[in-house]
Structures are given as C-alpha cells and as structure tokens.
Amino acid sequence: MAVDEEAAAPEAAVKGIHKVAIVLSYMDDEHEKAAIEVACSAFDKHSQYKDVAQSIKKDYDKRYPSSGKATDGVYHAVVGKHFGGSFSHETSFYIHLKVDLHNVIVYKSKDSPFDVDQATA
C-alpha cells in the first residue's frame with residue numbers, strides 16, 4: 001500500500017500547477033488575477049470544457065456580482081482548444097487566457113437595450 005500512496009503523491013502535487021499566459025486583456029490587474037485564479041481552479045476541479053466554463057462563470061459572478069439591473073451586465077466564459085468567435089464586451093471587462101493548452105475567454109456584456117425596451121413595453 002505504501003507504493004500506491006507514493007505514486008499518487010506526485011500527481012496531486014502537480015494538479016495545481018498550470019502554465020498561464022495572457023493573450024489579450026482589457027481588465028485591470030485585480031480582475032486579471034481573479035480570472036487566472038478562477039480558471040486554474042476550474043481546471044483543477046473539472047475535465048469537460050462545459051463544466052470548466054460554467055465553474056469560471058459562477059466563481060467570477062460570486063467575486064463580482066451584478067447589481068441586478070439589466071444595464072449592469074453579466075459575465076460569460078468560453079473555454080476550448082479551437083474556436084472562433086466575435087464578442088461585444090464592456091470596456092475593461094475582457095480577457096483571453098491560455099491555461100496549459102486551453103483557451104479561456106471571460107468577458108462582461110450588457111443586455112441589449114432593445115431587450116430592456118421590450119421588457120418594459
């Protein structure tokens with residue numbers, strides 16, 4: 001049994017170590033640091049991209065909650081190795097990270113003003 005425990009120990013030690021690079025960011029230092037922490041934690045907990053993205057979004061929403069107004073905006077997370085996209089985001093609320101071999105995009109966007117007009121009509 002001691003051999004099995006020793007073999008498992010190095011794997012657990014490596015689990016929390018990730019190679020992180022910021023590809024593009026419009027966030028301040030505090031939000032960048034939070035995005036890196038949240039993304040690394042999500043990859044430690046989950047193996048499926050959809051679960052990683054959901055975990056990042058939930059953790060980021062906990063750290064920076066919305067005021068509840070439709071015009072305040074909400075955070076989104078996109079995770080994968082290969083994807084294309086076009087995102088409209090709030091100024092200073094976009095980051096594209098590379099965590100190991102995985103791309104992570106976290107951004108904040110407001111609801112469309114047309115949605116607000118329709119909701120009040």
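**Questions on a Predicted Model**

Colleague: Across which strands does helix α3 (residues 49-63) lie, and at what angle does it run to β2?

Modeller: Helix α3 lies across β2 and β4, running at about 155° to β2. Helices (H or I, at least four residues) and strands (E, at least two) are DSSP runs, numbered from the N terminus. The angle, on a scale from 0 to 180 degrees, is taken between N-to-C directions, with axes as lines fitted to C-alpha atoms, for helices over the stretch in contact (heavy atoms within 4.5 Å). This is a predicted model, in which local features need pLDDT of at least 70 and side-chain atom pairs count only at pLDDT 80 or more, while totals for chains, interfaces and linings use all residues. Residues are numbered from 1 along each chain as its sequence is written, and side-chain values use heavy atoms, leaving out hydrogens and water.

Colleague: How do you know that β3 and β4 pair?

Modeller: Two strands pair if DSSP finds at least two bridges between them. Strand β3 (residues 94-99) and strand β4 (residues 102-109) are joined by 6 bridges, so they meet this condition, and they run antiparallel. Lys98 stands opposite Asn103 in β4.

Colleague: What makes β1 and β2 edge strands?

Modeller: The open sheet has 4 strands in the order β1-β3-β4-β2 with antiparallel pairing. Strands β1 (20-25) and β2 (74-80) each pair on one side only. Helix α2 (residues 29-45) lies across β1, β2, β3 and β4, at about 40° to β3.

Colleague: Why is the pair Glu37 and Arg63 called a salt bridge?

Modeller: A salt bridge needs a side-chain nitrogen of Lys or Arg within 4 Å of a carboxyl oxygen of Asp or Glu. The closest N and O atoms of Glu37 and Arg63 are 3.0 Å apart, so the pair qualifies. Glu37 lies in helix α2 and Arg63 in helix α3, so the pair ties together parts that are 26 residues apart in sequence.

Colleague: How are Asp61 and Lys57 placed in helix α3?

Modeller: They are 4 residues apart, and therefore separated by about one helical turn. Their side chains meet in a salt bridge at 2.8 Å, N to O.

Colleague: In which helix is confidence lowest, and in which is it highest?

Modeller: Confidence is expressed as pLDDT, the predictor's score for each residue from 0 to 100. Helix α1 (residues 2-15) is lowest, at a mean of 36, and α2 is highest, at 95. Over residues 1-14, pLDDT stays under 50, and the model has 0 contacts beyond four places in sequence for them. Where pLDDT is low, the predicted coordinates should not be read in detail.
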